[in-house]
Amino acid sequence: MLKKYDQANTDITFTKVNGPKREQDGRWGTIVTTIGDGLLSKKKYEVVGIGYSVNPSPHLNITISRQEEPQLFAKELEKVVEEFLESDKMKKQLQGDSYEVIIQNEAGERLN
């Protein structure tokens, strides 16, 4: 094909894709969007950022701006998030994935 279109000297790179990991990433993208909408829209949670990764295993990163008793607040927020993730609505999305919820301050220090 490259010769046919006078591109014989063009380099071609291939990227190996892990199908199950890609599917998991898609599911977690939807999960995080749902959680983010809820947490970011309610000032009481003091969430300023939310992200995730599925590599090597799913983990949810939540950044809060809380200054007073941030560790205690982080543990309470973690419970709220885990209760939501364990709800019937979300169990279908999780498909049995084990996950970790990481709550940090704006300096990136883990609080839970």
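**View 1. Strand E2 (59-64) within the predicted model.** Because five of the six residues of E2 are buried, this strand is largely enclosed by the rest of the structure; buried means under 20% relative accessible area, exposed over 50%, and partly exposed in between, with a 1.4 Å probe and protein chains only. Helices (H or I, at least four residues) and strands (E, at least two) are DSSP runs, numbered from the N terminus. This is a predicted model in which local features need pLDDT of at least 70 and side-chain atom pairs count only at pLDDT 80 or more, whereas totals for chains, interfaces and linings use all residues. Residues are numbered from 1 along each chain as its sequence is written, and side-chain values use heavy atoms, with hydrogens and water left out.

**View 2. The strand partners of E2.** Strand E1 (residues 47-53) pairs with E2 in the antiparallel sense over six bridges, where pairing requires that DSSP finds at least two bridges between two strands. The two strands E1 and E2 form a hairpin with five residues between them, and Gly49 has Thr63 of E2 as its bridge partner. E2 and E3 run parallel and are joined by five bridges, with Asn61 standing opposite Ile102 in E3.

**View 3. The largest nonpolar core and Ile64.** A nonpolar core is a set of buried Ala, Val, Leu, Ile, Met, Phe, Trp, Tyr and Cys residues joined through side-chain atoms within 4.5 Å. Of the 21 residues in the largest such core, Leu39, Ile62, Ile64, Leu77 and Val81 touch the most other members. The elements that give two or more residues to this core are H1, E2, H2, helix H3 (88-94) and strand E3 (100-104). Leaving aside residues up to four places away in sequence, Ile64 touches, among others, Tyr45, Val47, Phe73, Leu77, Ile103 and Leu111, contact meaning heavy atoms within 4.5 Å.

**View 4. Lys92 in helix H3.** Lys92 has its place in helix H3 and, at 69% relative accessibility, counts as exposed. Lys92 and Arg27 are 65 residues apart in sequence, and their C-alpha to C-alpha distance is 9.9 Å.
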